[in-house]
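Thanks for coming. I have one structure to go through today, and I will keep to what can be read from it. Please look at it first.

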Amino acid sequence: MKSTSDKATNPCAVFRSPPAAESSRGEQESLRSWIRRLAEFNHLALADVLKYYVLPIPGTGFALAFEGGATHLIDRGASLSRGIIEKLERVTLLAGLEDFTLQSLLAINGVAPIVASRYRKWCGICFNEDRHTEAGPFERLLWSINDVVVCPKHRFNLTSTCPSCGYSKIPALTVLEISGFCPKCRKWLGAESHENAEVPKDFHVWVAESFSQVLNHPDTHNLDASESIRRVLNEARNVFYDGNFSKFASDLGKNKSATHYWIHGLAMPQWNHLCEIAYALHISLLDLLCGRVHSLPPLSVQLMRTAIQARVATLSTIRKPFAPRRLDASGAIAAFSELRAGGHPHIISLAALSNYLKVDRSVLSKFISKHDPAFMEVLDDRLAALNKTKRDAHDTKLNEKILLIAHQFVKERESYTRRSAADKLRGEGLRLSYQEYPIAYRRIQECIAQILKQRPEQV
Ligand SMILES: [Zn+2]
Ligand SMILES: [Zn+2]
């Protein structure tokens, strides 16, 4: 990131830029984290900064990003990021803000587009270390990649649950929060103690290190990887499998037709498949993307096949978490009666119950239909009750907003149309179905008529 002029002191910039966070390789800050720090450094509410200076389209864009839960796309480097960067560069007079996004990965040709992690994840040790720096806690861009689940610096599993209140599936950016603190309970998100922490899987460490290497590496700028991937796959197939296609695909643990498509350049592999292939072939992700066939290990055919099979075997244990096929019948029956009595309110589906009983879902389903078929109704009722609560909350909010919008129209004395009413509803953060808009519009009309009847002087 470069400034077009003296950024910190330039009187023309609307905002002062926050102190730069450490940016050694793999430590690059993510755009949403930088925006959060920008608001904090300028003593402004994040919601206002976003609404008036950052999001490309005020109102609808704001609703889209926040009510639609699309905030993770801020880091992705596609159109939302570009719109935000354009606006930010104008108010901060900085340039090169796209380095805060995954744009360099998105620009690589021949691989399916990178997936940004929908929910927030972080390394508690990184946060603890950041506390002593001028920049304070910040989120690394690497953590925004869906496939990265480990901090490569500390070899520590990334956390996605608040250690104090258990809040999980935290949206990538919420409007009320402070860097490094939980948006719900406002407590510190750093690691409490990491002595007994779970050791991350070798593959996950490898993935995190690989992405950290590929991200912003000069060799990957506008790289066309489709030819490279084909070259490496063909070389491995010809040298170690004597051209035998099915054996090669089956040892890689990949679908035969998918491998066929990749080798012939008819389809683009997704990043997670590409990682698994590179890991299995003992070649770095960067070398695979750059087509460096000489980086394949110089092993004999038999040794290489064994090495591939060994790594693919560890992958299959990672992919399928172990769920026992045997069910503890007395434990299950006890749980059924607890649920009937209203216990475990968070269990509303068969999946949640099978998680709780630590048993495979199909086994549990068979057990219920054989021993207690009426039990399914308990779960159905719970789901129906939850949906009703959600619907009621939606209706209450809609009614409030309809009244508010009707008053706005009367107050501003503007002529209202179906379209301006829909814009206002969206601006209030409501997401309605197509059938709901005309109904809401009719109710706004009725409300306006009623207000005018009570206050005839407004006509
Ligand atoms: Zn870390
Ligand atoms: Zn919390």
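What is the mean pLDDT of the protein chain, and what share of its residues reach 70 or more? The mean is 85, and 90% of the residues reach 70 or more. pLDDT is the predictor's confidence in each residue, on a scale from 0 to 100.

Two notes on conventions. This is a predicted model, where local features need pLDDT of at least 70 and side-chain atom pairs count only at pLDDT 80 or more, while totals for chains, interfaces and linings use all residues. Residues are numbered from 1 along each chain as its sequence is written, and chains are lettered from A and ligands numbered from 1 in the order in which they are written.

Confidence is lowest in strand β1, residues 2-3, with a mean of 47, and highest in helix α11, residues 271-280, at 95. Over residues 2-9 pLDDT stays under 50. Where pLDDT is low, the predicted coordinates should not be read in detail.

Now the overall picture. The protein chain has 19 helices and four strands. Helices here are DSSP runs of H or I with at least four residues, strands are runs of E with at least two, and both are numbered from the N terminus. The C-alpha trace spans about 95 × 75 × 45 Å along its principal axes. Of the 459 residues, 30% are buried. A residue is buried if 20 or more other C-beta atoms lie within 10 Å of its own, exposed if 12 or fewer, and partly exposed in between, with C-beta atoms placed from the backbone.

Next, two helix pairs. At what angle do α1 and α2 pack? The angle is about 110°, and the axes are 9 Å apart. Axes are lines fitted to C-alpha atoms, for helices over the stretch in contact, and angles run from 0 to 180 degrees between N-to-C directions. α1 and α2 are therefore roughly perpendicular; under 35 degrees counts as roughly parallel, over 145 as roughly antiparallel, 65 to 115 as roughly perpendicular, and the rest as oblique. On the α1 side the contact uses I35, R36, L38 and A39, and on the α2 side L46, V49 and V54. Contact means that the C-beta atoms, placed from the backbone, lie within 7 Å.

The other pair is α18, residues 418-427, and α19, residues 436-454, which pack at about 100° with axes 10 Å apart. So α18 and α19 are also roughly perpendicular to each other. R418, A421, A422 and L425 of α18 meet Y437, A440, Y441 and I444 of α19.

Now some loops. Most residues other than glycine have a negative phi. H43 has a positive phi, near 55°, and lies in the loop between α1 and α2. Is H43 buried or exposed? H43 counts as exposed, because there are 6 C-beta neighbours inside 10 Å. R186 also has a positive phi, about 65°, and is in the loop between β4 and α7. R186 counts as partly exposed because it has 13 such neighbours inside 10 Å.

T133 sits in the loop between α6 and β3. With 12 C-beta neighbours inside 10 Å, T133 counts as exposed. The C-alpha atoms of T133 and P19 are 9.7 Å apart, although the two residues are 114 residues apart along the chain.

Conventions. Two residues are in contact if their C-beta atoms, placed from the backbone, lie within 7 Å.
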